[in-house]
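Reader: I have a structure open and some questions about it. Can we go through them briskly?

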Amino acid sequence: MFQIGPYQIDSKVILAPMAGVTDRPFRQLCRRMGAGLVISEMVTSDTSLWHSRKSKMRLDHKGEVGPISVQIAGGDPQMMADAARLNVINGAQIIDINMGCPAKKVCKKAAGSALLQNEKLVGDILEAVVSAVEVPVTLKIRTGWSPEQRNARRIADIAQNAGIAALAIHGRTRACRFEGNAEYDTIADVVAHSRIPVFCNGDIDSADKADQVLRHTGAQAVMIGRAAQGRPWIFRQIDHYLRTGQHLPEPSLIEIRDILLSHLTELANFYGPVMGPRIARKHLGWYLKTLADTGDFRANFNQLATPQDQHASVRQYFEPLIEREEKAA
């Protein structure tokens, strides 16, 4: 489908990196569901912080299917280069640079999308990281700092000249955060003038929307973020439609239950029997957005402290729903 360095990616659907979401269990689930590439949660370039529990979890790639792409964030070229080198030693096969995060705590450290204001520093960081490692380096940006300062095309030129292997663009500026609608004209302009693969991100929540955006922009792939929360099957739905022009049906309640139970198991295995169930609560909330009458069940689930109790609760909740679905069929 498209190439990143030596890696042939066989699906035009990519999982976007999301802090607190794209941990190892979720990445592996999305790969099984059809994502051609998954990218880790953002890791700070300040390696002195890597001893923390959170960083150690984010740096864990055991058992993952390659290519393993790790996203790093920071504003100092040398620190970013060092972080890239250490991540490659730790197993990263692609280094992704975050210049798209709009969060205040990231931007106030002159990292993430704040860097889009300083094009010279962007170039310095990209050149330092590309020179530091032998694996492909990719970049994620927004269309600019504000609607009045959309400089994605200039950033793309800097990226290409620095040796960046692929570029992902979220169709909003930093000032827009996640408000309003993503715009794709800027991305189309970048694609028209780029020699490297460009991925389109922002508001892509269905197979039809993915196809529409790819046709409008000419991008090589779509990157799915929030729309995958609680709907990991969106990757196979989009991939199938792009290959065949035919829509896959929505998963049955039995399949949703089984995917959810498997996800809960992997969270408990990865984080342990205490943290796993706590983290599972937010994921369950996302899964439940596609179902009705979930208030009481969710409130009860959020009080459960063990994986066993969570599994039993999920099975009990889905049983009558599945019976009604089977009778309706």
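This is a predicted model: local features need pLDDT of at least 70, side-chain atom pairs count only at pLDDT 80 or more; totals for chains, interfaces and linings use all residues.

Reader: Let us start with Thr22. Is Thr22 buried or exposed?

Author: Thr22 sits in the loop between strand S3 (13-15) and helix H1 (24-32). Its relative accessibility is 0%. The cut-off for buried is under 20%. Therefore Thr22 counts as buried.

Reader: Which backbone nitrogen does the side chain of Thr22 reach at 3.0 Å?

Author: The side chain of Thr22 makes two contacts of interest here. At 3.5 Å, the side chain of Thr22 reaches the backbone nitrogen of Glu41. At 3.0 Å, the backbone nitrogen is that of Met18.

Reader: Which residues does Thr22 touch, not counting residues up to four places away in sequence?

Author: Residues up to four places away in sequence are left out of this list. What remains is Leu15, Ala16, Pro17, Arg27, Ile39, Ser40 and Glu41.

Reader: Now strand S6. Why is strand S6 described as largely enclosed by the rest of the structure?

Author: In a regular strand the side chains alternate between the two faces of the sheet. In S6, Ser69, Gln71 and Ala73 are on one side, Val70 and Ile72 are on the other, and all are buried. S6 is largely enclosed because the buried residues number five of the five.

Reader: Which residue of S7 is the bridge partner of Ile72?

Author: S6 and strand S5 (residues 43-44) pair in the parallel sense over two bridges. There, Val43 has Ile72 as its bridge partner in S6. S6 also runs parallel to strand S7 (residues 94-99), joined by four bridges. In S7, the bridge partner of Ile72 is Ile97.

Reader: What hand does the β-α-β unit of S6, H3 and S7 have?

Author: The unit takes in S6, helix H3 (residues 77-89) and S7. The two strands, S6 and S7, run parallel. The hand of this β-α-β unit is right-handed.

Reader: On to the cysteines. How many disulfides does a search of the whole structure find?

Author: A disulfide needs two cysteine sulfur atoms within 2.5 Å. A search of the whole structure gives a count of zero. For Cys30, the nearest cysteine sulfur belongs to Cys200, 18 Å away, and Cys30 is in no disulfide. The number of disulfides is zero.

Reader: Are Cys30 and Cys200 buried or exposed?

Author: Cys30 has 0% relative accessibility. Cys200 has 0% relative accessibility too. So Cys30 counts as buried, and Cys200 counts as buried.

Reader: Next, helix H6. Within what arc do the buried residues of H6 fall?

Author: The buried residues in helix H6 (residues 152-162) are Ala152, Ile155, Ala156, Ala159, Gln160 and Ala162. They line one face of the helix, because, seen down its axis, they fall within an arc of 160°.

Reader: Which elements do the buried residues of H6 pack against?

Author: The packing involves both helices and strands. The strands are S8 (137-142) and S9 (166-170). The helices are H5 (119-132) and H7 (185-192).

Reader: Which residue just after H6 takes a positive phi?

Author: The residue sits just after H6. Its phi is about 100°. The residue is Gly163.

Reader: Last, Leu304. How far apart in space are Leu304 and Glu41, C-alpha to C-alpha?

Author: Leu304 lies in the loop between helix H12 (295-301) and helix H13 (307-328). At 15% relative accessibility, it counts as buried. In sequence, Leu304 and Glu41 are 263 residues apart. In space, C-alpha to C-alpha, they are 27 Å apart.

How values were computed: Residues are numbered from 1 along each chain as its sequence is written. Side-chain values use heavy atoms; hydrogens and water are left out. Buried means under 20% relative accessible area, exposed over 50%, partly exposed in between (1.4 Å probe, protein chains only). A polar contact is a pair of N or O atoms within 3.5 Å; within protein, one must be able to donate a hydrogen and the other to accept it, and residues adjacent in sequence count only if both atoms are side-chain atoms. Contact means heavy atoms within 4.5 Å. Two strands pair if DSSP finds at least two bridges between them. A crossover is right-handed if, with the strands pointing away from the viewer, the path from the first strand over the helix to the second runs clockwise. The arc is that of the directions from the helix axis to the C-beta atoms.
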